[in-house]
Amino acid sequence: LNIQRTYYVLNFMAALLAMDKYTRDQALGWEKLPPSRQQYNLGLATLYVLALVMTILNAPFEDQLYWTNRRVPKYWSLEPLNSSFTKDLKLYLVLNFVRQISLGAAWTMVCMEMQPRVTIRP
């Protein structure tokens with residue numbers, strides 16, 4: 001559960017900092033910045049907030065998985081699994097996939113922005 005809390009804190013901080021970046025650039029005035037900067041900042045904040053929402057939606061099921069495993073180790077190998085559990089597991093996997101894709105896309109966007117610009121002078 002400590003790892004889960006750390007993940008929540010890091011996800012929240014990323015979303016907060018992305019929104020902070022958006023508002024700082026907005027305060028500078030969009031006209032002083034490249035035209036694509038506004039869409040970039042908005043997309044980055046949207047991806048991090050989406051990941052945060054998916055994390056919050058997944059929290060109850062992650063707790064259920066953790067405590068079920070503590071109570072009955074290797075419960076997933078027992079047959080047949082409860083149909084409601086299987087349905088919840090499928091939803092969890094979809095939400096987790098969306099979360100990981102949005103975090104990966106946001107991280108890639110940050111890495112692309114931070115690359116130093118190389119200018120070649122003749």
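The protein chain has 3 helices and 0 strands. Helices (H or I, at least four residues) and strands (E, at least two) are DSSP runs, numbered from the N terminus. From that end on, the elements run α-α-α. The model is predicted: local features need pLDDT of at least 70, side-chain atom pairs count only at pLDDT 80 or more, and totals for chains, interfaces and linings use all residues. Residues are numbered from 1 along each chain as its sequence is written, and side-chain values use heavy atoms, with hydrogens and water left out.

Confidence is given as pLDDT, the predictor's score for each residue, from 0 to 100. The chain averages a pLDDT of 81. A score of at least 70 is reached by 90% of the residues. Among the elements, H1 has the lowest mean pLDDT, 82. Helix H3 (residues 83-114) has the highest, 87. Where pLDDT is low, the predicted coordinates should not be read in detail.

The overall dimensions were computed from C-alpha atoms. These atoms fill a box of roughly 70 × 35 × 25 Å, taken along the principal axes. The radius of gyration of the protein chain is 20 Å. A compact globule of 122 residues would have a value near 14 Å. That rule is 2.2 Å times the number of residues to the power 0.38, and the radius is taken over C-alpha atoms. Buried residues make up 30% of the 122 residues. Buried means under 20% relative accessible area, exposed means over 50%, and partly exposed lies in between (1.4 Å probe, protein chains only).

The rings of Phe-61 and Tyr-92 have their centres 5.4 Å apart and their planes at 40°, so the pair is tilted. Rings of Phe, Tyr and Trp (its six-membered ring) pair if their centres lie within 6.5 Å; planes under 30 degrees apart count as stacked, over 60 as edge-to-face and the rest as tilted. Both Phe-61 and Tyr-92 are buried.

Side chains of opposite charge can pair when their charged atoms come close. A salt bridge is a side-chain nitrogen of Lys or Arg within 4 Å of a carboxyl oxygen of Asp or Glu. By this rule the count comes to 2. One is formed by Glu-62 and Arg-99, with the closest N and O atoms 3.0 Å apart. This pair also links distant parts of the chain: Glu-62 is in helix H2 and Arg-99 in helix H3, 37 residues apart. Glu-62 is buried, with a relative accessible area of 13%. Arg-99 is likewise buried, at 4%.

The other salt bridge joins Asp-20 and Arg-24, the closest N and O atoms being 3.0 Å apart. Asp-20 and Arg-24 are 4 residues apart in helix H1, so about one helical turn separates them. Asp-20 is partly exposed, with a relative accessible area of 34%. Arg-24 is partly exposed as well, at 49%.

A nonpolar surface patch of about 770 Å² is made by Val-9, Phe-12, Met-13, Leu-16, Leu-17, Met-19, Val-49, Val-53 and Leu-57. The largest share, 6 residues, comes from H1. Patches are made of residues with over 30% relative accessible area and no salt bridge; like charges are joined within 9 Å, nonpolar side chains (Val, Leu, Ile, Met, Phe, Trp, Tyr) within 5 Å. Accessible areas come from the Shrake-Rupley method with a 1.4 Å probe, and for residues only the protein chains shown count as cover. Val-53, found in helix H2, is partly exposed, with a relative accessible area of 40%.

Selected C-alpha separations complete the description. Tyr-8 is found in helix H1 and counts as partly exposed at 24% relative accessibility. The C-alpha atoms of Tyr-8 and Ala-59 are separated by 9.3 Å, although these residues are 51 apart along the chain. Thr-6, also in helix H1, is partly exposed at 44%. Thr-6 and Ala-51 are 45 residues apart in sequence and 15 Å apart in space, C-alpha to C-alpha. Glu-79 is found in the loop between H2 and H3. At 67% relative accessibility, Glu-79 counts as exposed. Glu-79 and Leu-91 are 12 residues apart in sequence and 20 Å apart in space, C-alpha to C-alpha.
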